[in-house]
Amino acid sequence: MKGNISEIIIFAIYLLSLLGVGIYFFVKDRNGGEKTYFLGGRKMGAWVTALSAGASDMSAWVLMGLPAAIYAYGFGQVWIPVGLAIGYAISWLLEAPRLRRFSIVADDSITIPQYLTNRFLAKSKALQVICAVVFLLAYTVYSASSIKACGTLFNTVLGIDTTVAMCLSAVVIVGYTFLGGFSAVCWTDFIQGMLILFAMLLAPIFAAASLESFDVAAISAATPGFWNPFSSWKDIASGLGWGLGYFGMPHIIIRYMSLKSQKELKKSAKIGIAWTVIIVVMAAVIGIVGRMFLGFDEAISSSETVFIEIVRKLFPGIISGVLLSAVLAASMSTADSQLLAASSSFASDVYKPVIRKNKAGDKELLWVGRVVVLIVSAVAMVIALVPGTGSIMSLVSNAWGLFGAAFGPAIMLSLFWKRFNFAGAIAGIVAGALTDILWLVFLSDFGLYEIIPGTIVGLAAAVIVTLLTNKPSEDVEKLYDDAVAYND
């Protein structure tokens, strides 16, 4: 069953609307500088920031990868949404207020690497360069998962060749990100966040209502242990470990820095936490209801199309077109944020201070950032197209683990430990990243998500090196005190 004319029209209108937002902000902010393009001038409101942060987090894996994992393996996978909900709530409540204040006091930093350098008043650019390298590596893999999801959607629904579909999706994503920068990304993410919420509430409720019976026994017979959430301590630990990623996820926590006031941040936290909890709960529901509604199909499981199949069986073309646009929304709202974060990191943290020795003007930096958007998206396309690069869920898992292990400990320590120093930050980032990668390559068969050992080693390295080296200067300690006391 391939796409009908209604679905095609809805998809076309949706994609053109996104490009329209990019063009609008390109014209509106054409005279803006680096801060406007990469951080929206710190003028974002509560609703836009909350839904933008959520939508940039919940890529296609929340509509495809996670439901497919629960559809195939059962309740043992529900610890992932539990871990995500807990981690996201803690991030908003503890990390967000301080990160916004600290980034402003630390010379009005507009990227995470820039913040970590300015936080310690460091003259060395080593930390910024190290961060930029990790950013480019992880974001390229992460973006590949989003592009792959778009290709799967277009191929499954419309019968378009997967390669052509990926290229089309990449052109649209790059188009509005390239033109409109942070403001365009946030506003498109806000729209897409509302669409994702609507789709994830509607589809499983209608699917559950259409069931003649809830045949629990039949599923248990087909997949022993499907209903047991305590099947393995490794599954529980790994699922909860996903929550650690939020403390070091640059494209999400950069939203905290963009808010225009602490008052807006409190409001945004409530909206963001509520939205995310609903989304991750409904992702689990989609997997469980999908198993009852569709039965088990290896093709559905391997292609991660549980949500797509439910929608297309239940709704007429015009409604399914709107609901399936949520998959595009989830994919694009994450890919655009990742491309912008990668480009801002390279332009502000490598090109400006290292390559151009602070001689580059705002317009030059904007165009460097835009070129990086094109390069990262092109490499991500190649990764997505290469056979055997992994599922959508596995690609997201790899990038998520690397970010959480590398940056989570360093960022949290910088916000809550006055004694923390520059050497400790570098040690924590390098140790966390290397441990995560080495565990993935050599010990993945053990069955424990690599973010857990990566975070533990990164935290230990950051603390040990800090205690073995000189304490921060009086100026750095004063910056810490000023940031804690800052209010607006």
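Visitor: Why is Lys418 called partly exposed?

Guide: The relative accessible area of Lys418 is 33%. Buried means under 20%, exposed over 50%, and partly exposed lies in between (1.4 Å probe, protein chains only). So Lys418 counts as partly exposed.

Visitor: What should I know about the numbers?

Guide: This is a predicted model, in which local features need pLDDT of at least 70 and side-chain atom pairs pLDDT 80 or more, while totals for chains, interfaces and linings use all residues. Residues are numbered from 1 along each chain as its sequence is written, and side-chain values use heavy atoms, without hydrogens or water.

Visitor: What makes Asp481 and Lys418 a salt bridge?

Guide: Their closest N and O atoms are 3.0 Å apart. The term asks for a side-chain nitrogen of Lys or Arg within 4 Å of a carboxyl oxygen of Asp or Glu. The pair therefore qualifies.

Visitor: Why is that pair said to tie parts together?

Guide: Asp481 lies in helix 20 (residues 474-485), and Lys418 in the loop between helix 17 (392-416) and helix 18 (422-442), so the linked parts are 63 residues apart in sequence. Helices here are DSSP runs of H or I, at least four residues, numbered from the N terminus. Asp481 is partly exposed, at 37%.

Visitor: How many salt bridges are there?

Guide: Three. Arg356 and Glu364 meet at 2.8 Å, N to O. Arg356 has 30% relative accessible area, Glu364 27%; both are partly exposed. Asp482 and Lys478 have their closest N and O atoms 2.8 Å apart.

Visitor: What separates Asp482 and Lys478?

Guide: About one helical turn, because they are four residues apart in helix 20. An α-helix has 3.6 residues a turn, so residues three or four places apart point the same way. Asp482 is partly exposed at 35%, as is Lys478 at 48%.

Visitor: Which residues have the most contacts inside the largest nonpolar core?

Guide: Trp61, Trp92, Met200, Phe307, Trp400 and Phe407, in a core of 124 residues. Helix 12 (residues 262-294) gives the most to this core, with 14 residues. Another core lies apart from it, with seven residues, including Ala144 and Met381. Membership requires a buried Ala, Val, Leu, Ile, Met, Phe, Trp, Tyr or Cys, joined through side-chain atoms within 4.5 Å.

Visitor: What caps the N-terminal end of helix 10?

Guide: Ser232 does, with a side-chain oxygen 3.1 Å from the backbone nitrogen of Lys234. Helix 10 (residues 233-241) has Ile236, Ser238, Gly239 and Gly241 as its buried residues. Those pack against helix 5 (79-105) and helix 19 (451-468).

Visitor: Is Glu304 buried or exposed?

Guide: Glu304 is buried, at 7%. It has a positive phi of about 60° although it is not a glycine. Most residues other than glycine have a negative phi. Asp107 also has a positive phi of about 60°, but Asp107 is exposed at 63%.

Key: Helices (H or I, at least four residues) and strands (E, at least two) are DSSP runs, numbered from the N terminus. Contact means heavy atoms within 4.5 Å. A polar contact is a pair of N or O atoms within 3.5 Å; within protein, one must be able to donate a hydrogen and the other to accept it, and residues adjacent in sequence count only if both atoms are side-chain atoms.
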